Structure formats: C-alpha cells, structure tokens
Amino acid sequence: MAPISRGFIGRRRPVADPSLVPPGQYVTSDFPVLSAGPTPHAPRDEWSFTVDGAVQKPVSWPWNEFTALPAESVTVDIHCVTKWSKLGTRWKGVSVDTLLDGVQTGAEYMTAWSDGGYTTNLTVQDVTDGKAWVAYEFDGQPLEPEHGGPARLLVPHLYFWKSAKWVRGLTLTLDDEPGFWETYGYHNHGDPWREQRYQGD
Ligand SMILES: Nc1nc2c(c(=O)[nH]1)N[C@H]1C(S)=C(S)[C@@H](COP(=O)(O)O)O[C@H]1N2
Ligand SMILES: [Mo]
C-alpha cells in the first residue's frame, strides 16, 4: 500500500472553513495589537470590577473575589473591523450573565469602561445569554497587558472594538450612549456577519 504523502499534507497552509469567516475578513494566526492609546498597567491589588449605573444596588468585586467567581473556558472566533479574523481563540473568564446575576435593572443598554478612558456601548441583549465574558486568561496564560490584561471584555459575535481591553466596569444606562469608536463613526452595533463597520453600513 502506498504511504500517505505526509510531506504534501504538511506543506499545505491551513485553510479556514469559509463559513466561519465573515464577509470582507481574512484569517490570521497572528494576534495583532490594536490600542488607541498607551497600555495601562493596573496592579491587581488596586483592580476591581464594578457594575453600576441604572441599577438598584451597584456591585463591585476586587481582583481576588472576581477571579473566585464561577469562570468559563470558551473557544471563540474574533473579528476586527480592520479585517483580520482569528479563529478558535481560547479564553477563560466570567460570563456577563454571572456578573449581572442578582443585579436589578430595567436598563437595556450599558457602557463598558476601561482604565485609560476607553468606552464602548452595548445592549444588555448583546452581552447576555452566554454571549460575552470578562476574560482574564488567554491560551491558558494570564492575559497580557497589550491584549487587555488584567481583564478585558470579550464579545466575539461583534467586531472586536466592542471587546474593551483593561475593562473595569459596566455602567447600565437607560439610553444608548455611543462609546469611543462609535462616536468617531464606527457602527453603533458592529455585527461582522452584516458588515456593520461604519455608520450607515
Ligand atoms: N481599552 C481599549 N480597548 C480596546 C481598544 C482600545 O484601543 N482600548 N481597541 C479595540 C479594538 S479596535 C480592537 S480590534 C481590539 C484589539 O484587541 P487586541 O489588541 O487584543 O488585538 O481591542 C479593542 N478594545
Ligand atoms: Mo479594531
């Protein structure tokens, strides 16, 4: 029996399943860094995560309590509006469902805010029911500062600018308030499968 030509298979570049790649995106195995400003370095003993705004009772967890919350490991595809997609990224973090558990609110919107001043707006619907996490590990390692460590928001079903790095809290709002990039002309919602890149898309 002829041996299977391992050499040929081995030289082939991995081809992504096209059904996993949103329109206009290309797949990369790199992990580009995109930051609008300098990388903040929050010491973990000064770090906390807060849910506040239009809620009956704000809640806040210091680092040690936050990382003691039930965590989930997820493998997801991420899509940057600058057209790279990275498939099968592995993260560990706390589901936003867990963070909003017990929070009494009638608000339908929120602003995720970060050390350094970055903000992005999201609907409660877009970050609940298992769709978003506050992640503090990537690929089995503590999340690197350049990629948002100590912790970043992870909302893989929207363009990656919605996944705020160095995130410190979610402020629930009664009105939808555009965040940093949304104010500069990026789409308010940012669904990569509908190519919602810029306002008017
Ligand atoms: N705080 C903060 N979060 C941010 C950004 C930023 O500039 N500041 N850039 C966003 C954009 S445009 C993208 S594509 C991703 C990039 O994440 P990465 O640097 O880990 O690839 O982070 C998003 N979250
Ligand atoms: Mo981006």
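On a 1 Å grid laid over the protein atoms alone, a pocket is an open set of points with protein on both sides within 12 Å along at least five of seven lines, and its lining residues have an atom within 4 Å of a point. A molecule sits in a pocket if more than half of its atoms lie within 2 Å of the pocket's grid points. By this rule, ligand 1 sits in the largest pocket.

The model is predicted, and local features need pLDDT of at least 70, side-chain atom pairs count only at pLDDT 80 or more, and totals for chains, interfaces and linings use all residues. Residues are numbered from 1 along each chain as its sequence is written, ligands are numbered from 1 in the order in which they are written, and side-chain values use heavy atoms, without hydrogens and water.

The largest pocket holds about 480 Å³ of space, a volume being the space filled by probe spheres set on the grid points, which are joined across faces, edges and corners. It is lined by 26 residues, of which Leu34, Ser35, Ala36, Tyr118 and Trp181 are the closest to its centre. The lining comprises 16 nonpolar, seven polar and three charged residues; here Ala, Val, Leu, Ile, Met, Phe, Trp, Tyr, Cys and Pro count as nonpolar, Asp, Glu, Lys and Arg as charged, and the others, Gly among them, as polar.

Around ligand 1 there are 20 residues, the closest being Pro32, Ala36, His147, Arg152 and Lys165; a residue counts if one of its heavy atoms lies within 4 Å. This shell has 13 nonpolar, four polar and three charged residues.

A polar backbone atom of Leu34 lies 2.9 Å from an oxygen atom of ligand 1. Taken alone, ligand 1 exposes 530 Å², and the protein buries 97% of that, with areas from the Shrake-Rupley method and a 1.4 Å probe.

The backbone also deserves attention. The peptide bond from Gly149 to Pro150 is cis, with omega near 15 degrees.

Technical notes. Polar contact = N/O pair within 3.5 Å; in protein donor to acceptor, adjacent residues only side chain to side chain. 1 Å grid on protein atoms, 1.4 Å probe; cavity = no way out; pocket = protein on both sides within 12 Å on 5 of 7 lines; lining within 4 Å.
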